[in-house]
Amino acid sequence: MNITIIGTGYVGLTSGTCFAEVGHHVTCVDNNPEKIETLLRGEIPIYEPGLAELVKQNVAAGRLKFTTSTEEGVNNGDIIFIAVPTPPQTDGSVDLSFIEKVAREIAQCLTPDLGYRVIVDKSTVPVKTGDKVEQTVRRYAPEGVEFGVVSNPEFLREGCAVDDLLNPDRIVIGSNDEKALGYMQKLYEPFVAPVLVTDINSAELIKHAANSFLALKISYINAVANICEAAGADVEKVAEGIGMDKRIGRQFLNAGLGYGGSCFPKDIKAFIHISETLGQPFGLLKEVERINFDQLDRFLGKIREKLWVFREKKIALWGLAFKQNTDDVRESVAIKLAQVILAEGATVVATDPEGIPTAKRFGNLEGDISYTEDMYAALDGADCLIIGTEWPQFAKADLSEVAKRLRTPLVFDGRNLLDPDDVKAAGLEYYSIGRPSIGI
């Protein structure tokens, strides 16, 4: 099939590439000429494992191309995906101006002779956005144009998005147009996964409800971790015991600094706002937010208790990205942690396998901060090590080297990466989340 993706961010670029990988012909559109020029040179503007190779081979095969022209995209695509940003606003609602703008542009490019077109919301949007997209297209398109509107939420995880798209655990297609549903089912024929076909409103709610539930699991285990600390228990063992229940599962029961990234914080706020707008306040999600917000403060309290003050202290920070296997620093808890300790007068030496360039551009880190790609060099003369991101390189660290390079043997593990027995054997003083501390 001929597919068009409007928006070449994490969702759009990865989705378009994976559709090309299974045999569809894909045109990716973006209004940023610099980004399109980068892609045309064979360079990838984001870090996502496996993506660069797939882009290169599908461009070479003629199944994937890039353009700044919405008209070209509309002409080429029987199915047109909208995958543009939906940033949060101060009241928790979502800024849908990019969606509206693209819907207008699509409408103005449609002509009756093009034939039927399916317009798909791939971006995460509030319920009833599909109705607005349909109204907008009808308002601005010429008479006689035939089209259907679909909600097809994405469930990809940054860091493993390619696998999530090529091997999805479910595909959700929502529309009130039977012809559009038929197009979408044909599109997904190459994918082996359960397909849920539903009305458009239900599809739009599924994404917000799913992300909110996962965030709830994270806040729940962090609340349990705080109880474990008070009781002298080990949250890792508690989580393991909880996760063995098949009704619950072990995923997203990892205690730590809390959730971050471009999805969970925004989607939780959006779902709270949606529920209030519909007259059904969702107080539980406000508590999920509160626990997540407090988690960073609790962790900073542990560090302050040992260092007393941050001023004139040198801090080694391992991690800048919001999670492993990505360079994305949006709403990164590690970045927020760095902002606090820099504001209080510390010197920070930070490292991250992929996140240094994006942290420099988008991290808003002001103060005495420097960067190094050598995780051990960051430790030299530091008063403590803080682990802020769960990169596997950090979990496999040579702890004797850590102990040798630090000025004082203090490690604060915000992701429970290290084995307490190994830390103790290396002579390090160790503080993590929901586990007994190791003093010297």
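Gly-130 counts as buried because its relative accessibility is 2%, where buried means under 20% relative accessible area, exposed over 50% and partly exposed in between, using a 1.4 Å probe and protein chains only. Gly-130 sits in helix H6, which covers residues 129-140; helices here are DSSP runs of H or I with at least four residues, strands are runs of E with at least two, and both are numbered from the N terminus. Before going further, keep in mind that this is a predicted model, in which local features need pLDDT of at least 70, side-chain atom pairs count only at pLDDT 80 or more, and totals for chains, interfaces and linings use all residues. Residues are numbered from 1 along each chain as its sequence is written, and side-chain values use heavy atoms, with hydrogens and water left out.

So what does Gly-130 touch, leaving aside its neighbours within four places in sequence? Its contacts (heavy atoms within 4.5 Å) are Asp-121, Val-149, Ile-200 and Glu-204. There is also Asn-201, 71 residues apart from Gly-130 along the chain, with 7.7 Å between the two C-alpha atoms.

Now look at Lys-128, in the loop between strand S5 (117-121) and H6. Most residues other than glycine have a negative phi. Lys-128 isn't a glycine, yet its phi is positive, about 85°. With a relative accessibility of 44%, Lys-128 counts as partly exposed. Glu-312 is another non-glycine residue with a positive phi, near 65°. You'll find Glu-312 in the loop between helix H12 (283-307) and strand S9 (314-318), and it counts as exposed because its relative accessibility is 72%.

Rolling a probe the size of a water molecule over the atoms shows where empty space is left.

Next stop, His-208. This residue belongs to helix H9 (residues 200-231) and is buried, with a relative accessibility of 1%. Not counting residues up to four places away in sequence, His-208 touches Thr-124, Val-125, Pro-126, Asp-267, Ala-270, Phe-271 and Ile-274.

Over to strand S13 (residues 410-413). In a regular strand the side chains alternate between the two faces of the sheet. In S13 both faces are covered: Leu-410 and Phe-412 on one side, and Val-411 and Asp-413 on the other, are all buried. S13 runs parallel to strand S12 (residues 384-387), joined by 3 bridges; two strands pair if DSSP finds at least two bridges between them. Ile-387 has Asp-413 as its bridge partner in S13. Another 3 bridges join S13 to strand S14 (residues 429-431), also in parallel, and here Val-411 stands opposite Tyr-430.

Finally, the charged pairs. How many salt bridges does the structure hold? There are 29, each being a side-chain nitrogen of Lys or Arg within 4 Å of a carboxyl oxygen of Asp or Glu. One of them joins Arg-247 and Asp-245 at 2.7 Å, N to O; Arg-247 is exposed at 76% relative accessible area, whereas Asp-245 is partly exposed at 23%. Arg-41 and Glu-43 also meet in a salt bridge, at 3.3 Å, with Arg-41 exposed at 53% and Glu-43 partly exposed at 40%. Elsewhere, Asp-380, Glu-401, Lys-404 and Arg-405 are linked in a network of salt bridges.
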